[in-house]
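Hello,

Here is the structure I promised to hand over. Please open it first, then read my notes below.

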Amino acid sequence: MFKSVDERFEEMGFTKIYENGYGVRYERENTKYGYIHVIEIVHKSDGNHIAQTYDKELMDPKMIGNTCVGLSYNELKIVLKKMKEMGYHKGK
């Protein structure tokens with residue numbers, strides 16, 4: 001039997017915080033380095049939907065936004081599958 005995208009996120013330690021018509025948010029605590037890793041898949045009205053991944057607490061020096069956190073190949077594959085599931089893969 002195939003696992004859902006959300007189940008695969010759970011296997012990687014992510015918890016779904018919310019999902020609505022504007023996107024979805026997952027969080028995972030990294031105890032080794034002491035931060036919360038956030039993945040957000042966000043709807044944009046122009047059709048160029050995005051995925052963002054960042055440290056929940058750490059701001060950049062200019063206080064513009066959070067510092068990004070890289071994704072592994074498997075994490076990126078799951079993000080892309082979730083975007084497709086949400087209909088975000090079509091673009092403009």
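Start with tyrosine 26: at a relative accessible area of 1%, this residue is buried. Buried means under 20% relative accessible area, exposed over 50%, and partly exposed in between (1.4 Å probe, protein chains only).

A word on the source. This is a predicted model, where local features need pLDDT of at least 70, side-chain atom pairs count only at pLDDT 80 or more, and totals for chains, interfaces and linings use all residues. Residues are numbered from 1 along each chain as its sequence is written, and side-chain values use heavy atoms, with hydrogens and water left out.

Now the rings. Rings of Phe, Tyr and Trp (its six-membered ring) pair if their centres lie within 6.5 Å; planes under 30 degrees apart count as stacked, over 60 as edge-to-face and the rest as tilted. That rule gives two aromatic pairs. Phenylalanine 9 and phenylalanine 14 are edge-to-face, because their ring centres are 5.9 Å apart and their planes at 90°. Phenylalanine 9 and tyrosine 26 are stacked, because their centres are 3.9 Å apart and their planes at 15°. This second pair links distant parts of the chain: phenylalanine 9 sits in helix H1, tyrosine 26 in strand E2, 17 residues apart. Helices (H or I, at least four residues) and strands (E, at least two) are DSSP runs, numbered from the N terminus.

Next, helix H2. Glu75, Ile78, Val79, Lys82 and Met83 are buried there. On the other side of H2, Tyr73 and Lys84 are exposed. Just after H2, glycine 87 has a positive phi of about 80°.

Best wishes
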